[in-house]
Amino acid sequence: MKRMHLSAITAALLLLAASCSKQENGTPSGDGYGRIRLHGTADVSIATRAEIDVTTLGVTVPQPSELALTIHSDDPEVNSVWENADAFNAADTLFKAGVYTATLTYGDPEAEGENKPYYSGTEQFDLTAGTTAEVAVTARIANSMAEIRTTEAFDRYFHDATFTLRTGAGNEFRFTPGAEPADSPVFVQAGTSISISGTARQQSQTGTDEGPEVKLAAEPLASTSPRTRHIFTFDAADAGSATLHITLDENEELTSSVDIELNDNAE
């Protein structure tokens with residue numbers, strides 16, 4: 001009888017140990033800690049007067065494995081940086097219950113130039129002891145795009161137009177409307193200023209020269225908007241002036257007049 005009693009106790013202890021092991025390796029045991037599972041994606045849209053997919057502009061779209069992950073908390077000891085969400089999930093780390101913020105990023109927020117997008121996404125969530133928090137984070141374009149265009153009306157009055165776009169960060173980008181291949185939009189820092197200057201030639205009045213050169217300038221744009229494609233379009237709607245249209249987003253357009261003597265006889 002004693003042997004049977006001891007065997008029963010032994011079996012019970014083994015069962016308890018297996019149960020505890022399952023709690024430690026599977027769902028947290030509720031001792032003040034929990035687990036976090038991250039799922040990251042990148043949003044490929046950017047705002048103009050209608051939202052577009054940046055892949056149509058040849059812009060890089062990062063894979064989930066290319067999105068760097070940072071976990072933030074009020075407790076500095078648990079703040080951590082990971083190569084990506086997969087590496088974080090594979091580590092299967094226990095975290096103390098509390099409020100956390102997960103941030104996914106790709107690229108350099110200060111970089112400016114062709115195909116230099118910066119993606120960023122943040123999600124705040126609560127982690128309850130004894131549970132696994134499933135968190136989805138979407139990284140969106142956080143810097144801005146800029147480009148310069150001319151209309152057909154402008155091209156009827158002017159030719160050989162070249163423009164320089166300058167940013168508050170000190171970078172300069174040259175645009176030549178009508179160039180082959182066409183100039184690509186450039187990424188610029190969000191919150192930076194943009195100024196534009198350029199030159200163009202009026203149509204020749206004699207037919208024997210290139211036509212007089214005129215200088216073009218626009219009032220600076222004070223601050224670029226994140227996830228927005230700023231399109232600066234030079235038009236010549238009136239015979240006595242050229243007009244600059246700045247498309248900021250779906251709801252706002254700024255118009256700036258540039259006083260220029262045009263050839264009223266140009267066709």
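This is a predicted model: local features need pLDDT of at least 70, side-chain atom pairs count only at pLDDT 80 or more; totals for chains, interfaces and linings use all residues.
The lining of the largest cavity draws at least two residues from each of β1 and α2, and the contribution of β1, at 3 residues, is the greatest. A cavity is a set of points on a 1 Å grid over the protein atoms alone where a 1.4 Å probe fits but cannot get out, and lining residues have an atom within 4 Å of a point.

Residues are numbered from 1 along each chain as its sequence is written, and side-chain values use heavy atoms, with hydrogens and water left out.

Which residues line this largest cavity? They are Arg35, Ile36, Arg37, Phe88, Asn89, Asp92, Thr93 and Phe95. The space inside comes to about 50 Å³, counted as what is filled by probe spheres set on grid points that are joined across faces, edges and corners. When the whole structure is searched, 1 cavity of 30 Å³ or more is found.

Let me place that in the chain, which has 3 helices and 19 strands. Of its 267 residues, 37% count as buried, the cut-offs being under 20% relative accessible area for buried, over 50% for exposed and partly exposed in between, with a 1.4 Å probe and protein chains only. If we take the contacts between residues at least 6 apart in sequence, 62% of them join residues at least 24 apart, where contact means heavy atoms within 4.5 Å.

Strand β1 also belongs to an open sheet of 7 strands with mixed pairing, ordered β5-β4-β7-β9-β10-β1-β6, and strands pair if DSSP finds at least two bridges between them. At the edges of this sheet are β5 (80–82) and β6 (94–96), each of which pairs on one side only.

Going through the pairings, β1 (residues 33–42) runs parallel to β10 (residues 132–141), and 8 bridges join them, with Ala42 partnered by Ala139 of β10. The antiparallel pair of β7 and β9 is held over 9 bridges, and there Ala102 faces Glu123 of β9. β9 and β10 are also antiparallel, with 2 bridges, among them the one from Tyr119 to Ile141 in β10. These two strands make a hairpin with 4 residues between them, and Gly130 in its turn has a positive phi of about 80°.

What about the largest nonpolar core? It has 25 residues, of which Ile36, Leu38, Ile71, Phe95 and Tyr100 touch the most other members; a core is a set of buried Ala, Val, Leu, Ile, Met, Phe, Trp, Tyr and Cys residues joined through side-chain atoms within 4.5 Å. At least two residues of this core come from each of β1, β4 (68–73), α2 (85–91), β7 (98–106), β9 (119–127) and β10, and β10 gives the most, with 5. Beyond its neighbours within four places in sequence, Leu38 is in contact with Leu69, Ile71, Ala85, Phe88, Asn89, Ala102, Val135 and Val137. Apart from this lies another core, of 21 residues, including Tyr157, Phe158, Phe173 and Leu221.

β12 (residues 158–167) and β15 (residues 194–202) run antiparallel with 8 bridges, and Arg166 stands opposite Ser195 of β15. Thr164, also in β12, counts as buried at 16% relative accessibility, and, leaving out residues up to four places away in sequence, Thr164 touches Glu172, Phe173, Ser195, Ile196 and Ser197.

Terms used: On a 1 Å grid over the protein atoms alone, a cavity is a set of points where a 1.4 Å probe fits but cannot get out, and a pocket is an open set with protein on both sides within 12 Å along at least five of seven lines; lining residues have an atom within 4 Å of a point.
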